[in-house]
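Trainee: I am new to this structure and would like to learn how to read its features. Could we take them one at a time?

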There are 2 protein chains.
Amino acid sequence: MGRPPLDLTTDEIVEAACAIFLESGMDAVSMRTVSAQLGVSPEPLYKRIGNKEALLDAMAKRLLVDVAPRPRSGEHWQKYAMRWTAALHDRLSTTPDVRLVIGERREPFVEASRPLAEQLQAAGFTSDAAVQACRLLIWATMGFVVVEAGRHRAPTREQRGGLPGGNPTGISSAEARRLFRLNLKFILDGLARHNGLSAE
Amino acid sequence: MGRPPLDLTTDEIVEAACAIFLESGMDAVSMRTVSAQLGVSPEPLYKRIGNKEALLDAMAKRLLVDVAPRPRSGEHWQKYAMRWTAALHDRLSTTPDVRLVIGERREPFVEASRPLAEQLQAAGFTSDAAVQACRLLIWATMGFVVVEAGRHRAPTREQRGGLPGGNPTGISSAEARRLFRLNLKFILDGLARHNGLSAE
DNA sequence: ACCTGAACACCGTTCAAGT
DNA sequence: ACCTGAACACCGTTCAAGT
């Protein structure tokens, strides 16, 4: 029919895609569903954002853009690192699908870890040590989220052929969260020792 | 044409799928490409393995089935935990696509961690503590692999809008491996302290 | 019983054609 | 300049029809 120019911005596209993602999950996000949501044919999306990979990149970026909490004045570095990690953990845990954020999409994490790296350097970490600490905390969080995400799936076939009496490495959601905090403690204590800094 | 019965086993299907996966990557694995590889129409695959999700489950299982190394007699628990984790790390790092192994596919890890859990219990861990230790090591490895996998991608758009002089949290592959070992040390030391056991 | 081939409802992506 | 609609080459999955 030839609609008038839409002033369709990249932001509007990403927003529509995120809306579909949050409401209906990752598999519901397609160039076609997003363009339909915007009342447009798929082609304009390719004009603005290139392709689906770029759209997913932009969605991951938006999902994580404001995840880092603001440091409080006088806050101990371990305390801030715990808050930062908890914020990342919560954000990723409440995301419908971790696949959005894995693979080759590291830039959003780099952005998110900037305030943490600054805070650590202010506490006496060298630049390199601060970067390493950020990495360790991101790995810990991603590992947890990737392994523990989506434990609510319909049981499939044989389920397990092992011993009776409960899954040998199965733990509850609450236990997993406690274990995650223990992991954090190991890392933060290790970092303090390794960098010759005081623990809280 | 009506070929004679194929005696097409589930194993043959999974093997063909893995061959395609190893050679051409995850996106090349489809019910159609796998069936074509076997010289069959797609329908028999659905008869044997159900659907694509079940095929991916079986592929992940096969990928990890023999990953746990055999414990050596008299080997210290920390030493075996390090070998076990290194084996998992190597297996996942040489896998063309980590997506195969994330999401809701935890059963292969449960199987792989059985020898480790036994070894830890033999060293004095309670059953619960052994399970927790397995979890921590799996998280650490998965976090590393998921974040650091595929760092060889063509640079896309703006790449970064930050400061000049190198990516603030960018580290080389060799540095990443060193950092992974440091992470392991933090966890193993923490486990030793937390469970009142001797470090090596 | 087991396989084939066509079919259905989707994808990502491109491109001539319209306004 | 920007959008539409059709098209191409794929998907996962199902099912009547053949042997």
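Trainee: Is B:Thr141 buried or exposed?

Mentor: Some ground rules come before the answer. This is a predicted model, in which local features need pLDDT of at least 70 and side-chain atom pairs count only at pLDDT 80 or more, while totals for chains, interfaces and linings use all residues. Residues are numbered from 1 along each chain as its sequence is written, chains are lettered from A and ligands numbered from 1 in the order in which they are written, and side-chain values use heavy atoms, with hydrogens and water left out.

Mentor: Buried means under 20% relative accessible area, exposed means over 50%, and partly exposed is in between, with a 1.4 Å probe and protein chains only. B:Thr141 has a relative accessible area of 0%, so this residue is buried.

Trainee: Where does B:Thr141 lie, and which residues does B:Thr141 touch?

Mentor: Helices are DSSP runs of H or I with at least four residues, strands are runs of E with at least two, and both are numbered from the N terminus. B:Thr141 lies in helix α8 of chain B. A contact means heavy atoms within 4.5 Å. Not counting residues up to four places away in sequence, B:Thr141 touches B:Thr85, B:Leu88, B:His89, B:Leu92 and B:Phe180.

Trainee: What can be said of B:Thr85?

Mentor: B:Thr85 sits in helix α5 (residues 77-93) of chain B. Its relative accessibility is 0%, so B:Thr85 counts as buried. With residues up to four places away again left out, B:Thr85 touches B:Leu137, B:Thr141, B:Phe180 and B:Leu184.

Trainee: How many aromatic pairs does the whole structure have?

Mentor: Rings of Phe, Tyr and Trp (its six-membered ring) pair if their centres lie within 6.5 Å; planes under 30 degrees apart count as stacked, over 60 as edge-to-face and the rest as tilted. A search of the whole structure finds six such pairs over all chains. In one of them, A:Trp139 and B:Phe144, the ring centres are 4.8 Å apart and the planes are at 80 degrees, so the pair is edge-to-face. A:Trp139 lies in helix α8 (residues 127-148) of chain A and B:Phe144 in helix α8 (residues 127-148) of chain B, so the pair joins two chains. A:Trp139 is buried at a relative accessible area of 0%, and B:Phe144 is buried at 6%.

Trainee: Which aromatic pair do B:Phe144 and B:Phe180 form, by its angle?

Mentor: That pair is tilted, at 4.9 Å centre to centre and 45 degrees between the planes. B:Phe144 is in helix α8 of chain B and B:Phe180 in helix α9 (residues 173-194) of chain B, so the pair ties together parts that are 36 residues apart in sequence. Ring pairs link A:Trp139, B:Phe144 and B:Phe180 into a cluster.

Trainee: How are two packed helices described?

Mentor: By the angle between their axes and the distance between the axes. Axes are lines fitted to C-alpha atoms, for helices over the stretch in contact, and angles run from 0 to 180 degrees between N-to-C directions. Helix α5 (residues 77-93) and helix α9 (residues 173-194) of chain A pack at about 145 degrees, with their axes 11 Å apart. Among the residues that meet are A:Trp77, A:Thr85 and A:His89 in α5(A), and A:Phe180, A:Leu184 and A:Asp189 in α9(A). The residues of this contact divide into eight nonpolar, three polar and one charged. Here Ala, Val, Leu, Ile, Met, Phe, Trp, Tyr, Cys and Pro count as nonpolar, Asp, Glu, Lys and Arg as charged, and the others, Gly among them, as polar.

Trainee: How many residues does helix α4 of chain A have, and what is its reach?

Mentor: The expected span of a helix is 1.5 Å times one less than its number of residues. Helix α4 (residues 52-64) of chain A has 13 residues and reaches 19 Å from its first C-alpha to its last, close to the 18 Å expected. Its buried residues include A:Leu55, A:Asp57 and A:Leu63. Their cover includes α1 (10-24), α2 (31-37), α3 (43-49), α5 and α6 (107-112) of chain A.

Trainee: How many helices and strands does chain A have?

Mentor: Chain A has nine helices and zero strands. Buried residues make up 45% of its 200 residues.

Trainee: Where does A:Ala199 lie?

Mentor: A:Ala199 lies in the segment after α9 of chain A. Its relative accessibility is 42%, so A:Ala199 counts as partly exposed. A:Ala199 and A:Gln78 are 121 residues apart in sequence and 7.1 Å apart in space, C-alpha to C-alpha.
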